[in-house]
Amino acid sequence: MRAARVIGVGVAALATLASSHARAAAGAAFAETSRVASLADAVTARPGDAGTIELNPAGLGDLREASVLAGGHADYVSQWFQRTGDPTQQDRSRAFGGVFIAAATPLPGPAWARRIGVGLSLDMPVQYLLHLDIPVRADQPISPTYDSRPDRLAGAFAIGAKVVRWLDFGAGFAFTPSLVEPALITYQAGRAPDVNGNVEVRIDTTLDTGVSPFVGLRAKPLDWLAFSLVYREAQISRATGTQTTTAAGITAAGPFNFYQMWDPATVVVGTAMTLSRHVSFSLDVSWEQWSAIHDGFDQPLPGPIQFHDTVNVASGVEISLPKGVALRGGVAVEPSPMPEQTGETNYLGANALTLALGAGIDFRRLARVPLAIDLHFRARADALESAVKDPSSLPDADGTLPGNQIDNMGYPSFRSQALLVQGGLTATLFIGGGRP
Amino acid sequence: MKTRTTLLALLGAVVIASSARAGFEDSLGVGPEAMSLGGSFAARGGSYASAYYNPAGLSPRGEHGGLLEITAGAVYAHPVLHVTGANGQNLLTPAATNGGAPIGVPDTGGVLLGMRFSLGQPLKIDGLNFGLAMFVPGHFLSWENRPDDDFRWELLDARTQVISVHAGLSWRINRFLSLGVGVRALFNTQTNVTGQVTKLAFDPNSGQINVQTQLGVDAQVYGQATPIVGALITPIERLRIGVVYRHPSYVNDWGTTVINGVPDLGSIGYFSHFAHYYEPLEVTLAASFDVTPRFDVSADVTYDRWSDAVSNNFNFWGPGRWGDTIVPAFGARFKATDALSLMAGYRFQKSPVDNFGGPSNMLDCDRHVASLGIDLHLGKLVRQPTFDVHFTGGLQYTVLVDRSETKDPTRFPTDALFTSNPGYPSYSYGGHMVGLETTLEARW
């Protein structure tokens, strides 16, 4: 059984460097740059920068010079869960945060090469590089949005090109590793003076480098109007292997399969409009294929509790003021992919509304310094989730007793709610060297 | 006379040196330039690779204004190793599956990424630069947990199979002195496993009790930053002196397992602890000198405090198997034309590991490492100097000097453990390895 713990290590390692939900510089959840976060992620049809390579790699075709950006965010999620009849709420609140670095540049050389841009980005949580919790009980309350997703290192690479004056195209990939981990644990009596020393552990841990591709288009038929189309492949990691534990006359052997979907397959259609010399507006509509999600043991969720696909809407407004100052605001609506939790599972989450505000200063105009600073504040409020269990859909907890024994953690009903608040800062350094 | 004294000192360093560094950085080198120069890079600069070799080298003398360099390339290495038993049989690391085939040391393949840019430009601070060097192998990471008495190439097998990240920040205080700090990014893991017995069955044929469990996991990976600090002194334009300190590091891998529902026992569990990728405390003293405008040489001496090292199982069979080492490394570069430079290097790495006839079978050999390389300025080659792109290639050949081990019964707790040891009664081992690195670097 000693092998069992190693699976956890593998699963932990499995997710390192994968990508995820709310797309950031590289893909980690809630780790967007301040410009992107303050526009509620509605940026796929806007000109790109180093912080948007995963949102729409076509934006790399817009680059005029090399830039490097770095920043961070601090987050607090207030979340509670209460089963009917329990005297108090179970507080699941926590704080987290992260930092990121990204670089993007047009290629050097002749004019045709400078129409091509490349970008690389890395998101890194400050507390964990990864935190993954797959409970042994299927009815353990889990928040797919807030539990593990923000606690993950993510990396992405992309290339984009200005195909013609009004059309940009880009493609890239995010890292989605998967793990293979055979384990053999043997008890050899007399090997060492202490019992623990008699255990021989042989485990091969291999985290293979998989990639999840994404592609994007950005068309600008008119000076004031742009459209975008983006597809991102689902980002899924798996941990598989066999474990064999032998001690005296007892043998525990068998395969294991753990599963984590970081992001469903997504299609985004967006538009951006320059309404006046100072005001621009953008709108993104995203379809997300949540119905493909499996449980933590890589089993499809049965019909009644299967997630459904969602359509999210996000929009952002940017007001450009003199001296390189910009004010931004955004709003996003995200329907919950989860059905009412009437069955064995207790997934936490509900329809969510995001409001964001931000500001930025480009010091190139203010002081001829090649630096821009952006700030943002964002709140994501989940609606109240409530679920009433259907006893007929709950498993019998003890088959040795008559009747259907129920020990579900959400029975007979539960309520839950969450609110995320976030503040962040991004610094962009313009290196120069691009096309005029 | 002065030259002769210097040569004698260098030769002395080779003779007394016992060396070994390991991991991707030390087995192959961070980038083809450093590989080609035998890893003698602490007194050189102007490269993303300085983030590892000497962070102060990110801001060398003579650079001014804004800069951006982005590098991408490939790494490949192929080891050919042997462990031969007393009867001539080939010995390998046992598999981690029941009845599985033994395994050898895999090839190393991966992507190398680098970046260096001026961080001080917007702040009007000349010579404040940032550098990043990253090696991403075909596997993000790969490690093998084995008892220390299994055959295992201690400093080769998994150590080049893990992602390697170095970031550095440097400031050129004046034209004589640059200081730099960097970090080597690592991780620690904690894994708590809970399980529930779901099925028990007695097999009357084998007499075994077969157990099935449902497992859950709470796994956490923590970042770990190990510091590197360095200074680059340029007393005269042609001479550079580097001093570097690297803090020791290793991946700490621990956790608990609790299985519930075990008949008659209720719950059973245990605590476990492993170590991976140990890197010792290192101090490097180096110098490089421009002999002519087209020819420069460098020499590095690195002290590695391996005596603090831990094996995969935290030196299960007792301390004393690791010893401190000193690594001498030399490099030379000849600028044949404006577009072409040729490089060569050599270093000697004595093994820090010795099993002394005891139960452990941790394999490692003294290494002679020779290398060659070229650097091509593609823009100058095609007569477009604004196309500032370099191709750099390095080739390295490592000889792992044959070594033998004879088991000593006085070092074993019991006769049974002596005769059942995988290395009983004796064996020899050695081999060689070829490594190749290539990059394209664009500069703005």
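**Figure 1. Surroundings of Pro425 in chain B of the predicted model.** Pro425(B) touches Ala86(B), Thr406(B) and Lys407(B), leaving aside residues up to four places away in sequence; two residues are in contact if their C-beta atoms, placed from the backbone, lie within 7 Å. This is a predicted model, in which local features need pLDDT of at least 70 and side-chain atom pairs count only at pLDDT 80 or more, while totals for chains, interfaces and linings use all residues. Residues are numbered from 1 along each chain as its sequence is written, and chains are lettered from A and ligands numbered from 1 in the order in which they are written. Pro425(B) belongs to the loop between α6 (415-420) and β19 (426-443) of chain B. Helices (H or I, at least four residues) and strands (E, at least two) are DSSP runs, numbered from the N terminus. Pro425(B) and Ala86(B) are 339 residues apart in sequence, yet their C-alpha atoms are 6.8 Å apart in space. Because 14 other C-beta atoms lie within 10 Å, Pro425(B) is partly exposed. A residue is buried if 20 or more other C-beta atoms lie within 10 Å of its own, exposed if 12 or fewer, and partly exposed in between, with C-beta atoms placed from the backbone.

**Figure 2. Phe117 of chain B and its contacts in both chains.** Phe117(B) is found in strand β2 (residues 108-118) of chain B. Phe117(B) counts as buried because it has 24 C-beta neighbours inside 10 Å. Beyond four places in sequence, Phe117(B) touches Val68(A) and Ile431(A) in chain A, and Leu67(B), Leu68(B), Asn129(B) and Phe130(B) in chain B.

**Figure 3. Strand β1 of chain A and its partners.** Two strands pair if DSSP finds at least two bridges between them. Strand β1 (residues 66-83) of chain A runs antiparallel to strand β22 (residues 413-432) of chain A, and 18 bridges join them. Within this pair, Arg83(A) has Phe414(A) as its bridge partner in β22(A). β1(A) also pairs in the antiparallel sense with strand β3 (residues 94-106) of chain A, over 11 bridges; here Val68(A) has Ala103(A) as its bridge partner. Strand β2 (residues 90-91) of chain A is joined to β1(A) by 2 bridges, again antiparallel, and Phe81(A) is partnered by Gln90(A). The hairpin of β1(A) and β2(A) has 6 residues between the strands, and in it Gly85(A) takes a positive phi near 100 degrees.

**Figure 4. The interface between chains A and B.** In this view, 62 residues of chain A are in contact with 62 residues of chain B. On the side of chain A that touches chain B, 36 residues are nonpolar, 18 polar and 8 charged. Ala, Val, Leu, Ile, Met, Phe, Trp, Tyr, Cys and Pro count as nonpolar, Asp, Glu, Lys and Arg as charged, and the others, Gly among them, as polar. Strand pairing also crosses between the chains: strand β10 (residues 199-208) of chain A and strand β4 (residues 139-145) of chain B run antiparallel and are joined by 6 bridges. Asp204(A) stands opposite Glu144(B) in β4(B). The predictor gives the complex an ipTM of 0.79 and a pTM of 0.82.

**Figure 5. The nonpolar cores.** A nonpolar core is a set of buried Ala, Val, Leu, Ile, Met, Phe, Trp, Tyr and Cys residues joined through C-beta atoms within 7 Å. The largest core has 125 residues, of which Val68(A), Ala102(A), Ala103(A), Ala104(A), Ala49(B), Ala51(B) and Ala133(B) touch the most other members. Strand β8 (residues 208-236) of chain B gives the most to this core, with 7 residues. Another core, of 13 residues, lies apart from it and includes Ile236(A), Trp262(A), Met338(A) and Leu348(A). Ala51(B) touches residues including Leu58(B), Leu132(B), Ala133(B) and His166(B), not counting those up to four places away in sequence.

**Figure 6. Confidence in chain B.** The mean pLDDT of chain B is 86, and 95% of its residues reach 70 or more; pLDDT is the predictor's confidence in each residue, from 0 to 100. Over residues 1-21 of chain B, pLDDT stays under 50.
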